[in-house]
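Please read it alongside the sequence and the coordinates.

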Amino acid sequence: MIRKQVERLSGVGLGLGTLFFAASLTPTLVPRSSLTQGVLAGACFAAGYGLGVFFRWLWNYLELPGPPARLRLVANVLVATLCLSVALLFLWWSAEWQNSVRAAMGMAPVASAHPLQVSAIALATFVVVLVLARIFRWVALSLTRLTRRYIPARVANVVGVGLAVLLFWLLANNLLVRGVFHLLDASFREFDALLEPERPQPEAPGKTGSPASLVAWKELGRAGREFIAGGPTAAEIGALTGRPAIEPIRVYVGLPAAATPAARAKLALEELKRVGGFDRSMLVIVTPTGTGWIDPAAMDAVEYLREGDIASVAVQYSYLSSPLSLLAEPDYGAEAARALFLEIYNHWTTLPREQRPKLYLHGLSLGSMNSERSAGLIDMIGDPIAGALWSGPPFESGVWRRITDARKAGSPQWRPEFRDGSLVRFMNQDGASVPPATAWGPIRIVYLQYASDPVTFFDYHDFYRRPAWMEPPVGPDISKELRWYPVVSMLQLALDMAVATTTPIGYGHVYSPKHYVDAWAAIADVQDWSPGQLEALKQHLAVDDTEAESEPYDNRGG
């Protein structure tokens, strides 16, 4: 029995599977736990072994001569022995590779990558994938036998496999993906509705959610209540700056507040007018992340910089985290972002130019992509906004992609230079991609992105080609041991994207307050802050963000 099983093994599949397994242990952008590494390694081995089985099937289908059974047995034993040696060697090196990622992010090294746990989880993952593959094979063969009654055998083979692929795709996409998507949406909706005792309803009539507000406190949702209850007060701003300050205005409309995106946008406009948002010198239209969360690191920074003379407005469009929304329904939220922009912008253009606030856009992650989509150039060509700050733009972001692809020759993809830098600039931990003295045009757009952010730099084309951001020089927060491998690198980066919010602040998909300070200072043309004052603000916000870091990032909207 064992002899027959060994003879049936695909030597090419074992070899490819082991190579894929070994490559999966090498570093990419985000440090991995033993669980995530084991799942990745098992999936990669299954992919490699599946390719090997396909090559053997193709060889036999073409009726090419194969080795005798005895030779196949010996070859499989030798290949298996060699593969085991390679796997053990790469498992031995895996801790060093993970530490190279951790070192790039300033994290403490790990003593072990737990190779036994990784191997056990990888084996379990491979078994699950193998069972699914066997089910697919059975379905394909059944459909082939059925169609052979009516069409030639070779045509029936193609039709049977094609029907099986279509069936599995429909099941996965319509039943599993969308079913899980809406199940999670309902689950997050219940969580979002919970009232937190630590955030009582505001009493001041100028606050959204107060008894005088057009939006009920319970209709803000969890993320909205966090946004309204958070942020610096006028007293806190004045204590830091030593200058008079006013209370920043924040307006938020949650999903329960109205039935449609258009209705929520109209409600947001009326609430913004009620609290005097258009009387401030700066107005920011914020597009939240998938959960409706707004990064306090971003808004606190600009509220301090403007000494409270600022209003911001946002509308919730989802309950799901951004990576899940991005993978399942990438167009989720575009309609809501567009509706809010048009409501605010159309009213803003009716105001006298010398009295109205400067208008800006902001979004993080999925919010960045939807904020991009909300404002069309044709809509505002005669009366443009002042600028935008888009942080952690997802790889599906169309405007970001076109600008990045049109970057200056020689500038890296992770921090490109676009034309003369007067319209769009890219910033990371080391600042802007152009010299600080570079003149701005009438619109100032900044993309804040980290080279280690897989949400930004994942690409389906990584399946078969090396991404441009891997070309030297690589980003400062990327392991120097990182290499590209066909098929495997795409799977690695897909996993990285799922855990991109587990990194320290200032790396991956977790954006730092001090980098927001630099970005907003450039966009809002802050002139009355000295370098020492800016540094003091960065240190103050860093303390606040460190205290909040104990809260899971998914709860904070990643």
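**Backbone and burial notes**

Val-487 is buried, with a relative accessible area of 11%. The model is predicted. Val-487 belongs to the loop between H16 and H17, and its phi is positive, about 70 degrees, although the residue is not a glycine.

**Loop between H16 and H17**

- The loop between helix H16 (454-457) and helix H17 (488-498) also holds Pro-473.
- The peptide bond from Pro-472 to Pro-473 is cis, with omega near 0 degrees.

**Loop between S4 and H13**

- Ser-365 is placed in the loop between strand S4 (358-364) and helix H13 (366-374).
- A positive phi of about 60 degrees is found at Ser-365, which is not a glycine.
- The relative accessible area of Ser-365 is 3%, and Ser-365 therefore counts as buried, the cut-off being under 20%.

**Glu-303 in helix H10**

- Glu-303 is part of helix H10, which covers residues 296-305.
- With a relative accessible area of 1%, Glu-303 is buried.
- A polar contact of 2.8 Å joins the side chain of Glu-303 to the side chain of Arg-250.
- Leaving aside residues up to four places away in sequence, Glu-303 touches Gly-231, Pro-232, Ile-237, Pro-248, Arg-250, Gly-308, Ile-310 and Ser-312.

Key:
Residues are numbered from 1 along each chain as its sequence is written. This is a predicted model: local features need pLDDT of at least 70, side-chain atom pairs count only at pLDDT 80 or more; totals for chains, interfaces and linings use all residues. Side-chain values use heavy atoms; hydrogens and water are left out. Helices (H or I, at least four residues) and strands (E, at least two) are DSSP runs, numbered from the N terminus. Buried means under 20% relative accessible area, exposed over 50%, partly exposed in between (1.4 Å probe, protein chains only). A polar contact is a pair of N or O atoms within 3.5 Å; within protein, one must be able to donate a hydrogen and the other to accept it, and residues adjacent in sequence count only if both atoms are side-chain atoms. Contact means heavy atoms within 4.5 Å.
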